[in-house]
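Colleague: Hi! Could you walk me through this model? I'm new to this.

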Amino acid sequence: MTAEPTLCAIVPPYVLDRLAEDGHAPAARSLALDAAHRTARLTAVPRQAPADRLERVISDAGHRERLPGRTVRREADGPVPDQSVNHAYDGLGATWTLFSAVYGRHSIDDQGLRLDATVHYGRDYDNAFWDGHRMVFGDGDGEVFGDFTACVDVIGHELAHGVTQFTAGLEYHNQPGALNESVSDVFGSLVKQYALHQDAADADWLIGAGLLAPGVQGVALRSMKAPGTAYDDPRLGKDPQPAHMRDYVQTGRDNGGVHINSGIPNHAFYLLADALGGPAWERAGRIWYDALTGRRLPADADFTAFARATVAAARARYPEPEVADTVTASWAKVGISPT
C-alpha cells in the first residue's frame with residue numbers, strides 16, 4: 001500500500017507559533033513556508049527500476065525556496081567542502097543502512113528508491129521535512145535552531161515517514177498521526193543508535209539532540225525516555241509531551257496533537273527496549289517494524305490498535321511468551337491495554 005504523500009516536518013508548529021508570537025522573524029517565515037508546503041499538491045514518487053544498492057543525490061537550493069536545486073553530490077562522490085551536503089549524504093546512508101542491514105528493506109519503498117535531499121533551503125528556515133519525495137533541510141536561524149542536517153536522527157525520522165507512507169499509510173491526524181510521528185521518532189532514534197553501536201541502556205533517547213542553539217534551555221526537541229522534559233525555555237515554552245494516556249492532550253492544533261501525543265507510544269517503545277535490553281533495533285525495533293509493515297494495520301489505527309499489532313508481531317516472531325508479555329506490560333505502563 002502507498003498512501004498519499006503528506007508533508008511531515010520535524011519542528012512542531014506550536015514551537016514555531018510561540019517563537020513567532022514573540023516576534024522571532026525566522027519562525028514566522030518558517031511557519032508561512034510550512035503552510036505553503038502543506039497546501040501545495042504533493043506528487044507521488046515516480047517509480048524507478050528496482051535496485052539493491054544505495055543511491056543518493058544531494059542538491060543545494062542556494063537559500064532559495066525552489067526545489068530541487070543544483071545537484072552537488074551523487075552516490076560514490078567524495079566529500080565536498082560544504083558540511084551540510086556531507087551530513088545529509090551521510091545521514092541518508094545511515095538510514096538506508098539500518099533498514100537494509102537489520103530489516104532487509106531495499107530503501108524507503110522496498111523497491112530501491114533513490115534517496116534525494118536538498119540542503120540550504122530558504123534563508124534561516126527553521127525546519128526540515130519529508131514531502132513524499134525528498135528530504136529538505138533548512139539551515140536554522142543560528143539563534144534558536146542550528147543546521148538541520150547535523151542530527152542523524154532527524155534525517156532518520158523524516159525518511160521513516162516515507163517508510164510509513166509506503167506501508168501502513170497512517171493518517172496524519174489525531175492518534176493515527178501521533179503514531180505516524182512516533183514511528184518516525186522510533187526509527188530515527190534507532191538510526192542514531194545503530195550508527196553509534198549503542199545498546200538501549202547507552203542511548204540518550206533524544207530526538208534532535210544538538211539541534212537547539214547555544215543559550216536555549218533544552219537538550220532536544222523530544223525525549224522518548226522522559227517525554228515532557230526535552231526543553232523548558234522562555235522562548236520555546238515547556239515541552240508539552242505526555243508520557244501516559246491520563247495526560248493525553250485534546251487539541252485542534254498540530255493536526256490534533258500529532259507531535260504532542262506521540263510521546264505516549266514513544267515512551268512505550270523506550271520501556272520495551274529498556275526491558276528487553278541489548279540493541280534496541282533488534283527485538284524491540286523488529287517488533288515495531290513488523291507491526292508497521294505487516295499490512296494488517298489500518299490507516300486510521302489508534303494507539304490500542306497499534307499496541308495490539310505489536311503484541312501480535314511479538315508472538316509471531318518470538319516463541320518465548322515473555323517477549324509478548326513484555327510488550328503488553330510496556331503499553332500498560334503508559335495506560336494502554338492491548339487486550
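Colleague: Where is the place of valine 119?

Modeller: Valine 119 lies in strand E4, residues 115-119; strands (E, at least two residues) and helices (H or I, at least four) are DSSP runs, numbered from the N terminus. Please keep in mind that this is a predicted model, where local features need pLDDT of at least 70, side-chain atom pairs count only at pLDDT 80 or more, and totals for chains, interfaces and linings use all residues. Residues are numbered from 1 along each chain as its sequence is written, and side-chain values use heavy atoms, with hydrogens and water left out.

Colleague: Does valine 119 count as buried or exposed?

Modeller: Valine 119 counts as buried because its relative accessibility is 1%. Buried means under 20% relative accessible area, exposed over 50%, and partly exposed in between (1.4 Å probe, protein chains only).

Colleague: And what does valine 119 touch?

Modeller: Not counting residues up to four places away in sequence, its contacts include Ile58, Val85 and Phe137. Contact means heavy atoms within 4.5 Å.

Colleague: New topic: in what order do the strands of the sheet come?

Modeller: The order is E1-E5-E6-E4-E2-E3, in an open sheet of 6 strands with mixed pairing. Two strands pair if DSSP finds at least two bridges between them.

Colleague: Which strands stand at the edges?

Modeller: Strand E1 (8-9) and strand E3 (70-74) do; each has a single partner strand, so one side of each is left without a neighbour in the sheet.

Colleague: How many bridges join E2 to E3?

Modeller: There are 4, and the two strands run antiparallel. One of the bridge partners in E3 is arginine 74, paired with valine 57.
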